[in-house]
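Morning, everyone. Let's walk through one model, strands and then rings.

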Amino acid sequence: FHENATMKYIRNGEYKEVNAIEFFQKAIKPGPKQNRKTKIANIDVTGNAASARLEIDYATFRFIDYMNLIKIDGEWKVVSKIFYRQSKW
């Protein structure tokens, strides 16, 4: 993630926008590896711009992530992310 990357999502019907790195620093704690499967479902690249769709499957739900990336100084950086949490029930 780029240091200024944003993450936007809906939680309990309310729009949220946060700094992605700060969000993950608070949300991710050390511990055992989570049981999930991740796949890149789609990627579209044009020059130094790209978008990717990821699917992260857990036992009872799936995250669908949409990431926008820019190539900065030869490195791809996520500059924004939106996601949807989809129940499997």
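Start with a definition: two strands pair if DSSP finds at least two bridges between them. Strands are DSSP runs of E, at least two residues long, numbered from the N terminus. This is a predicted model: local features need pLDDT of at least 70, side-chain atom pairs count only at pLDDT 80 or more, and totals for chains, interfaces and linings use all residues. Residues are numbered from 1 along each chain as its sequence is written, and side-chain values use heavy atoms, with hydrogens and water left out.

Strands now. β3 (residues 37-46) and β4 (residues 49-57) run antiparallel, joined by nine bridges. T46 has A49 of β4 as its bridge partner. Two residues separate the strands in that hairpin, and G47 takes a positive phi near 60°.

Next, β4 runs antiparallel to β5 (residues 61-72), again with nine bridges. L54 bridges to D65 in β5. This hairpin has three residues between its strands.

Now the rings. How many aromatic pairs does the structure hold? Eight. Rings of Phe, Tyr and Trp (its six-membered ring) pair if their centres lie within 6.5 Å; planes under 30 degrees apart are stacked, over 60 edge-to-face, the rest tilted. F23 and F24 are edge-to-face, 5.4 Å centre to centre, with 85° between the planes. Y58 and F63 are also edge-to-face, at 6.1 Å and 85°.

F1, Y9, F23, F24, Y58, F61, F63 and F83 form one aromatic cluster.

Last one. The charged end of R85 sits over the ring of F61, 3.8 Å from its centre. That call needs NZ of Lys or CZ of Arg within 6 Å of the ring centre and within 35 degrees of the ring normal.

Note on methods
Helix = DSSP H or I, 4+ residues; strand = E, 2+ residues; numbered from the N terminus.
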